[in-house]
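Here are my notes for you on this structure, written as numbered points. Keep the 3D view open and find each element as you read.

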Amino acid sequence: MLRLTASALILALLTPSPLAAQAVEPAAQGVTTVPMTAQDALDGYYRSLARVVDLPRAGRGVDADSNLVLTRFAFGSCFSEIRDAGIWNTIARTDPQMFMMIGDNVYGDTNWRGDAELGTLRASYAKLASLPQFTAFYDQVPFLTTWDDHDYGFNDGGRDFAFRGWAETIYENFWNSPDEVRGRPGVHYSRIFGPEGQRVQVILLDTRYFRSPLVRAEVAPGQPRPPLGPYVPDTSADADMLGAEQWAWLAEELAKPADLRLVVSSIQVLTDAHQFESWATMPGERDRLYRLLAARNGGGVLLMSGDRHAGGVYQDAPAAFGGQPLWEITSSSLNFAFSDTATNTAREPDPRRVTDFISEANFGLVEIDWRRRELRLELRGREGEVRTTQTVGWSAAN
Ligand SMILES: [Fe+2]
């Protein structure tokens, strides 16, 4: 894995670029400021860069009405901007009140060569903005977003991605992020919709910006790699999924009253069935999340995730969640399938997954029945076909 050290940073800054002459900001007339750290130098470089490059934007977008009684929304992840974009038309036909695009929204790290400008990431976002199927939908239906690694700019990246600040600028510009998000590190965000009794809180976590490095399984020379991912659980006290600021923010959010909470994590939460990225790489952090969720100020909880290039519905009853049932729906990918469902389901047996592991292109469609206090969870395919469905009730009393 590429590690970006201070010296690598300086090398990146020295990479020939039409912007090189503007890399150092002049201060007052006649005074030369010398950056004292690599980060200072990088920050100055990006302030200059932001003035001379066009940052892509998704479009005008539509703001969601805070009075909205949410009964039907769609979500998805893992959209390759260079593949078929027809699924946007399909999603539009299901008439959702809102869409959540929850990570790997573009593949901006593909062919990236380590430049600090993140040229491939910006080009990927520009490509997404050029797709009429996407922009027509974006300008018609309110979006809520978060990112995962491929739209963060670095495969499986966390807080040690040296160019994360610039990636955040690119993201916030593209998605028209509110000042609240622009004004703090990371892209986590929360919204509340609807009147008392039908109040939905959507919490979109940032599992990238603050995340400590993952621990890889040691593979002896000549031995096969584990088939389902390279990581092992980090049980050290240093393991950190959200970072102190975001953890504190999350506790404050969960103290707000709500009848239903949709908690979005780009990576999967409940499963232990694989060794790719998930909250299982940090069991202590996952228990911390469960404890915080258990201490919430009322309302049902649904976890939502993506990332896997396959989707399904999961259930567990974690001790740290008070032994209560907890549900998760994973939708992935919007247009970037790896294998067929039969293969996927057999390859990754999982006692916590209650459906097949759907690998064909899919999006999630969730209906909220306020009278019955039930959620209808669906994964739908490229043509809108129902791939799997699950109805779950929620309890406000936890
Ligand atoms: Fe991912």
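The points below go through two sheets, a few helices and two single residues.

1. First, the ground rules. This is a predicted model, where local features need pLDDT of at least 70 and side-chain atom pairs count only at pLDDT 80 or more, while totals for chains, interfaces and linings use all residues. Residues are numbered from 1 along each chain as its sequence is written. The helices (H or I, at least four residues) and strands (E, at least two) are DSSP runs, numbered from the N terminus.

2. Two strands pair if DSSP finds at least two bridges between them.

3. E8 (residues 260-264) pairs with E9 in the parallel sense over 5 bridges, and Arg261 has Val301 in E9 as its bridge partner. E10 and E11 (residues 326-330) are antiparallel, also over 5 bridges. There, Tyr314 has Glu328 in E11 as its bridge partner. As background, strands of a sheet pair through backbone hydrogen bonds, either parallel or antiparallel.

4. How many residues of E9 (residues 300-305) are buried? The count is 6 of 6, so the strand is mostly covered (buried means 20 or more other C-beta atoms within 10 Å of a residue's own, exposed means 12 or fewer, partly exposed is in between, and C-beta atoms are placed from the backbone). Gly300, Leu302 and Met304 point one way, Val301, Leu303 and Ser305 point the other way, and all are buried.

5. Next, look at helix H9 (residues 243-254). It has 12 residues and reaches 17 Å from its first C-alpha to its last, close to the 16 Å expected at 1.5 Å a residue. That expected span is 1.5 Å times one less than the number of residues. Gln246, Trp249, Leu250, Glu253 and Leu254 are buried in H9. Seen down the axis, the buried residues of H9 fall within an arc of 130 degrees, so they line one face of the helix; the arc is that of the directions from the helix axis to the C-beta atoms. The face turned away from that buried side carries the exposed Ala244, Ala248, Ala251 and Glu252.

6. What do the buried residues of H9 pack against? Their partners are strand E4 (189-193), strand E5 (200-204) and helix H10 (283-294). A contact means that the C-beta atoms of two residues, placed from the backbone, lie within 7 Å.

7. Leu121, Arg122 and Tyr125 in H4 meet Ala167, Ile170 and Phe174 in H7.

8. Stay with H7 a moment. Its buried residues include Trp166, Ala167 and Tyr171. The buried residues of H7 pack against helix H2 (38-52), H4 and helix H6 (149-152). After H7 comes Asn176, with a positive phi near 55 degrees.

9. There's another open sheet of 6 strands, in the order E3-E2-E1-E12-E13-E14, again with mixed pairing. E3 (143-145) and E14 (386-393) stand at the edges, each with a single partner strand, so one side of each is left without a neighbour in the sheet. E12 (residues 363-369) and E13 (residues 374-380) pair in the antiparallel sense over 7 bridges. Phe363 has Arg380 in E13 as its bridge partner.

10. Val366 sits in E12 and is buried, with 22 other C-beta atoms within 10 Å. Leaving aside neighbours within four places in sequence, Val366 is in contact with Phe73, Leu375, Arg376 and Leu377. Trp88, in helix H3 (residues 87-93), counts as buried with 24 C-beta neighbours inside 10 Å. Not counting residues up to four places away in sequence, Trp88 touches Gln133, Phe134 and Phe137.
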